[in-house]
Amino acid sequence: MKNLKYYLAAIFAFATWGTFSLVLRPLHAYASLDILFYRVFSCAIIMTLVTVLFRRLKLKDNFKYFKSLDQKNKQKIIGLNILSSILLTGNWFSFIYVMNHVSVRATSVAYLVCPIITTILAFFILREKLTKLQWLSVFLSGLGCILLSYSNLLDMLYSSIIGSTYACYLITQSVNSKFDKFLILNFHIILAALILLPFFPSYSGAIPTGFKFYLYIEIIAVMYTIVPLLLNLYALSGIASSKVGMILNINPIIAFILAGAVYHEALGGIQVLAYSIIFLAVIVFNAKEIFRLQKDVAL
């Protein structure tokens, strides 16, 4: 039961992201870069205001801890967090572009590929141990992705780009366990805003005037960016990256359902079979924790 809060944080975060199309599709008339610019700038402003007004003590403590590190660790943390910001920015742009200009289904496949990449990277880079049952789960997920790519290789290419950037982001967060999660995310988003700022004058369109645009941007900034990312980082502080990665499959399963039920994208029998296999893979991967939780609840 001690890890239940971390599992719930991950489940809520990825379930929320699964419904992202509901607030992103209404903005399909706007350029992907414009949505990205205003999303990142809004997040940076909101989080920085919260930090300045309510988290100055945490900021001071974290800065004190950073100063106590040796030069090698300081450089490692700075480098990895800069990389994290670049990965996050790339993930957001590719997701928005594919969601609004390719298909909702392609974005859902991206977050089916992501857990496989995350699990493999966690095994080789973080030395996280996997049981034979968990390797079976990875195999099942891979099989599901192969079935999904069978009908559309281009979608799979887009999906792999989105999934790889977020998988790498998850792995880089293993170094930030000693730092406050809100401040770390604030740092990533400020850097992302600074990365995008030089491109804004040349690549942004006319300044949007419609109320709907800003309403959805603020919903995206708070409910689909800040809150889920914080919950994601919190989950990573209590359970292994590979487990968080496999729970991420909740996201595409919900997106898959919305693609058919809401957006009427054609869904074939192979696709239904593939998602069913991947859902089974999530259960298999977390079987030990699921049965342990059931036992604890029964007691």
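Start by selecting Pro-198, which sits in the loop between H9 and helix H10 (200-203). With a relative accessible area of 56%, Pro-198 counts as exposed. Keep in mind as you go that this is a predicted model.

**Zoom out to the whole chain**

Colour by secondary structure and you will find 15 helices and zero strands. The radius of gyration is 19 Å, close to the 19 Å that the globule rule gives for 299 residues, so the protein is as compact as a globular protein of that length. Along the principal axes, the C-alpha atoms fill a box of roughly 50 × 45 × 35 Å. Buried residues make up 50% of the 299 residues. If you draw the contacts with a separation of 6 or more, 89% of them are accounted for by residues 24 or more positions apart.

**Helix H5 and its cap**

Next, select residues 71-101, which form helix H5. How far apart are the end C-alpha atoms of H5? They are 45 Å apart, which agrees with the 45 Å that its 31 residues should span at 1.5 Å a residue. Then step back to Asp-70, which caps the N-terminal end of H5. Look for a side-chain oxygen of Asp-70 lying 3.2 Å from the backbone nitrogen of Lys-72.

**The loop between H8 and H9**

Move on to Gln-173, found in the loop between helix H8 (153-172) and helix H9 (181-196). Is Gln-173 buried or exposed? Its relative accessible area is 6%, so Gln-173 counts as buried. Show side chains here, and you can pick out a polar contact of 2.9 Å between those of Gln-173 and Ser-84. Leaving out residues up to four places away in sequence, Gln-173 touches Ser-84, Ile-184, His-188, Leu-233 and Leu-236.

Phe-179 is in the loop between H8 and H9 too. Its relative accessible area is 9%, so Phe-179 is buried. Which residues does Phe-179 contact, leaving aside its neighbours within four places in sequence? They are Asn-62, Tyr-65, Phe-66, Leu-69, Ile-77 and Ile-184.

**Thr-51 in helix H3**

Now centre on Thr-51, in helix H3 (residues 32-54). Thr-51 is buried, with a relative accessible area of 6%. Its side chain is joined to that of Asn-186 by a polar contact of 2.7 Å. Beyond four places in sequence, the residues that Thr-51 touches are Arg-56, Leu-59, Phe-182, Leu-183 and Asn-186.

**Into the nonpolar cores**

The largest nonpolar core has 60 residues, and the members that touch the most others are Leu-24, Val-40, Tyr-111, Tyr-166, Tyr-169, Ile-189 and Leu-229. Helix H11 (residues 211-236) gives this core its largest share, 10 residues. Centre on Tyr-111 to see part of the packing: not counting residues up to four places away in sequence, its contacts include Phe-95, Ile-162, Tyr-166, Leu-248 and Pro-252. There is also a second, separate core of 19 residues, with Val-109, Leu-130, Ala-274 and Tyr-275 among its members.

Select residues 250-261 for helix H13, which has 12 residues and reaches 17 Å between its first and last C-alpha, close to the 16 Å expected. Its buried residues include Ile-253, Phe-256, Leu-258 and Gly-260.

Then select residues 269-285, helix H14, where 17 residues reach 24 Å from first C-alpha to last, close to the 24 Å expected. Among the buried residues of H14 are Gln-271, Ala-274, Tyr-275, Ile-278 and Val-282. An α-helix has 3.6 residues a turn, so residues three or four places apart point the same way.

**Last stop: the cysteines**

How many disulfides are there? The count is zero. Select Cys-114 and you can see why: its sulfur is 8.7 Å from the closest cysteine sulfur, in Cys-168, too far for a bond, given a cut-off of 2.5 Å. Cys-114 is buried at 0% relative accessibility, whereas Cys-168 is partly exposed at 31%.

Notes: Residues are numbered from 1 along each chain as its sequence is written. This is a predicted model: local features need pLDDT of at least 70, side-chain atom pairs count only at pLDDT 80 or more; totals for chains, interfaces and linings use all residues. Side-chain values use heavy atoms; hydrogens and water are left out. Buried means under 20% relative accessible area, exposed over 50%, partly exposed in between (1.4 Å probe, protein chains only). Helices (H or I, at least four residues) and strands (E, at least two) are DSSP runs, numbered from the N terminus. A polar contact is a pair of N or O atoms within 3.5 Å; within protein, one must be able to donate a hydrogen and the other to accept it, and residues adjacent in sequence count only if both atoms are side-chain atoms. Contact means heavy atoms within 4.5 Å. The expected span of a helix is 1.5 Å times one less than its number of residues. A nonpolar core is a set of buried Ala, Val, Leu, Ile, Met, Phe, Trp, Tyr and Cys residues joined through side-chain atoms within 4.5 Å. The radius of gyration is taken over C-alpha atoms; the globule rule is 2.2 Å times the number of residues to the power 0.38.
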